[in-house]
Amino acid sequence: MTNLIEIKGVTHAYRTKAGPLPVLDNLNVSVPEGEFCAVVGPSGCGKSTLTRLVAGLMKPDQGEVWLHGERVTSPRKTVGMAFQNPVLLEWRTILDNVILPLEIVAPRMPQRDREARAMHLLEMVGLKGFEGKRPSELSGGMRQRASLCRSIVHKPDVLIMDEPFGALDAFTREDLWQTMRDLRAAEPFTCVLITHDLRESVFLGDQVIVLSGRPARTQHVLRVDLPADRTIDSLYTPEAAEMLHLLRDQIRIAQGRDGEVH
Amino acid sequence: METLQKIAVPTLAILAFLGVWEFIVWVNGWPNYKMASPSDLPPAFARYSHLFLEMGWQTLWRTVAGLGLAVLFGTLLGMAMGFSRIARDALYPLLVGFNAIPKATLVPVIALIFIGQHDFNTVLMAFLISFFPIAVSVGIGLSTLEPEYRDILRSLGASRVTIFRKIALPKTLPEFFGALKVSVTLAFIGTNLVEIVSPHGRGLGALFKSGETNGDYPLMFAVLIALAVLGIVLYYAVVALERIFAGWAERPQS
């Protein structure tokens with residue numbers, strides 16, 4: 001099987017006043033086409049650096065990042081990004097916000113087609129009727145939905161998400177997991193999701209990668225063998241509970257608290 | 001009803017102000033060579049109406065020209081400071097120092113360098129006094145742009161120019177207009193400063209000066225009122241522009 005994303009032996013350090021701060025240490029990640037890869041790890045372990053590397057916004061000190069059999073050295077149009085902060089542009093309507101990537105990636109696409117494409121996505125995430133609103137008129141969950149639409153409007157090969165649901169309340173978050181699942185069923189894409197939420201990683205992921213504490217190495221890879229049409233209830237099955245428990249233990253090891261009484 | 005209130009409330013406030021003024025002058029029995037009262041003003045305006053129109057126009061166009069230069073130069077300077085750390089470190093102390101100099105002290109300097117160029121000197125002063133807030137606010141607006149905003153477009157391979165046009169520029173507009181509201185008043189002060197201080201000046205400032213020379217207090221006060229009216233007009237012109245170009249930044253009031 002060919003891997004859409006291939007991260008080979010990536011090592012990276014930030015230059016700080018106190019000397020180099022290593023964040024990634026010989027990291028290896030493979031994500032086959034169409035797969036959903038969730039990445040978990042202790043805070044500050046270099047997860048966000050990973051997203052910037054895959055997006056081509058940064059170059060690693062050592063090692064290689066490959067997308068679609070091509071080495072990534074600069075940003076490419078086939079990537080979509082979503083962050084914890086929905087970063088919608090307040091001077092644009094929701095519809096125009098979703099269209100934004102198309103203006104860059106497909107400058108010759110007729111405006112009517114762009115709007116149709118954006119409307120289709122907005123409808124899928126339940127934002128029909130809100131396309132003319134300003135971002136500040138929407139709730140946090142709705143804004144994040146709009147942000148999701150924007151990140152896949154140009155049909156990217158890879159969707160990179162950096163804790164997109166981190167700032168939402170627990171129930172809204174679960175709603176968005178289901179939205180995400182439905183979007184993936186409707187338009188397949190390969191996804192890298194950075195998260196702190198183990199339940200989220202199991203619900204959405206085909207594989208969950210646990211990174212060690214800084215500098216991050218691949219500490220554990222878990223295959224999630226749940227059916228594709230998961231529901232929130234799937235998280236309350238014995239299989240899911242076992243996976244969550246295993247992940248929790250791995251995180252504890254990553255935090256370096258293996259011997260602690262808990 | 002709401003529009004009526006919007007017009008009626010400020011109008012009543014102005015009338016109340018004029019009433020109190022008239023009352024104070026009347027109670028103290030001040031003659032009009034000591035303190036003019038509002039009722040002295042209409043005759044003064046009527047008597048010198050052609051001068052007011054001519055001088056008012058002089059003051060207006062020179063202020064707007066100076067402000068225009070300030071917008072151009074201030075925006076460019078702000079962009080340099082917003083995008084480049086080195087430019088920011090280099091320019092900031094210079095700008096702050098320059099801004100701290102009382103601009104009245106520059107009038108004789110400018111007058112000596114550009115002798116007799118009254119229009120030029122006035123525009124120059126309006127510009128010098130008003131570009132600072134624009135440069136600072138544009139600089140801060142650009143340098144505090146959250147990296148995620150840039151990353152959204154950068155990750156698609158957008159050029160720096162595109163990112164500036166689609167994100168940085170519109171995002172900075174509210175700060176820009178906030179600064180412009182300060183600058184428009186400053187430019188107005190700069191214009192009048194030169195008009196009053198420099199000999200053989202023109203504009204409302206010069207008219208004020210001639211009122212002072214002739215002991216014509218009603219004329220002096222009439223000029224002050226005319227200046228206030230011009231100031232209001234300029235300020236609200238900026239507000240109107242802000243509504244058009246950055247109206248989205250105004251939160252709907254509930």
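**Sheets, domains and a helix pair**

Tutor: Strand 1 (residues 3–16) and strand 2 (residues 19–32) of chain A run antiparallel and are joined by 10 bridges. Helices (H or I, at least four residues) and strands (E, at least two) are DSSP runs, numbered from the N terminus, and two strands pair if DSSP finds at least two bridges between them.

Student: Before we go on, what sort of model is this?
Tutor: This is a predicted model, where local features need pLDDT of at least 70, side-chain atom pairs count only at pLDDT 80 or more, and totals for chains, interfaces and linings use all residues. Residues are numbered from 1 along each chain as its sequence is written, while chains are lettered from A and ligands numbered from 1 in the order in which they are written.

Student: Thanks! What joins strand 1 of chain A to strand 2 of chain A?
Tutor: A hairpin does, through two residues. Within this pair, A13(A) stands opposite P22(A) of strand 2.

Student: And what is the strand order in that open sheet of four strands?
Tutor: The order is 2-1-4-5 in chain A, with antiparallel pairing. Strand 2 and strand 5 (70–71) of chain A are at the edges with a single partner strand each, so one side of each is left without a neighbour in the sheet.

Student: How many bridges join strand 1 of chain A to strand 4 of chain A?
Tutor: Five, with strand 4 covering residues 62–67 and the two running antiparallel. T11(A) has Q62(A) in strand 4 as its bridge partner. Strand 4 of chain A also pairs with strand 5 of chain A, in the antiparallel sense over two bridges, and there L67(A) stands opposite E70(A).

Student: OK, which strands form the six-strand open sheet?
Tutor: In chain A the order is 6-7-8-3-9-10, and the pairing is mixed. Strand 6 (79–83) and strand 10 (218–223) of chain A are the edge strands, each with a single partner strand, so one side of each lacks a neighbour in the sheet. From one strand to the next, the twist averages 15 degrees.

Student: How do strand 3 and strand 8 of chain A run, parallel or antiparallel?
Tutor: Strand 3 (residues 36–40) and strand 8 (residues 190–194) of chain A run parallel, joined by four bridges. A38(A) has L193(A) in strand 8 as its bridge partner.

Student: Switching topic: how is chain A divided?
Tutor: Into domain 1 (1–78 + 158–262) and domain 2 (87–156), with bounds from an automatic or database domain assignment. Their centres, taken over C-alpha atoms, are separated by 25 Å.

Student: How many residues are in contact there?
Tutor: 17 residues of domain 1 of chain A are in contact with 12 residues of domain 2 of chain A; contact means that C-beta atoms, placed from the backbone, lie within 7 Å. On the domain 1 side, helix 5 of chain A gives the largest share, seven residues.

Student: And chain B, at what angle do helix 3 and helix 10 cross?
Tutor: The axes of helix 3 (residues 49–83) and helix 10 (residues 217–246) of chain B cross at roughly 40 degrees and come within 11 Å. Axes are lines fitted to C-alpha atoms, for helices over the stretch in contact, and angles run from 0 to 180 degrees between N-to-C directions.

Student: Which residues of these helices meet?
Tutor: F52(B), G56(B), T59(B), L60(B) and T63(B) in helix 3 of chain B meet A226(B), L230(B) and L234(B) in helix 10 of chain B.

Technical notes:
Two residues are in contact if their C-beta atoms, placed from the backbone, lie within 7 Å.
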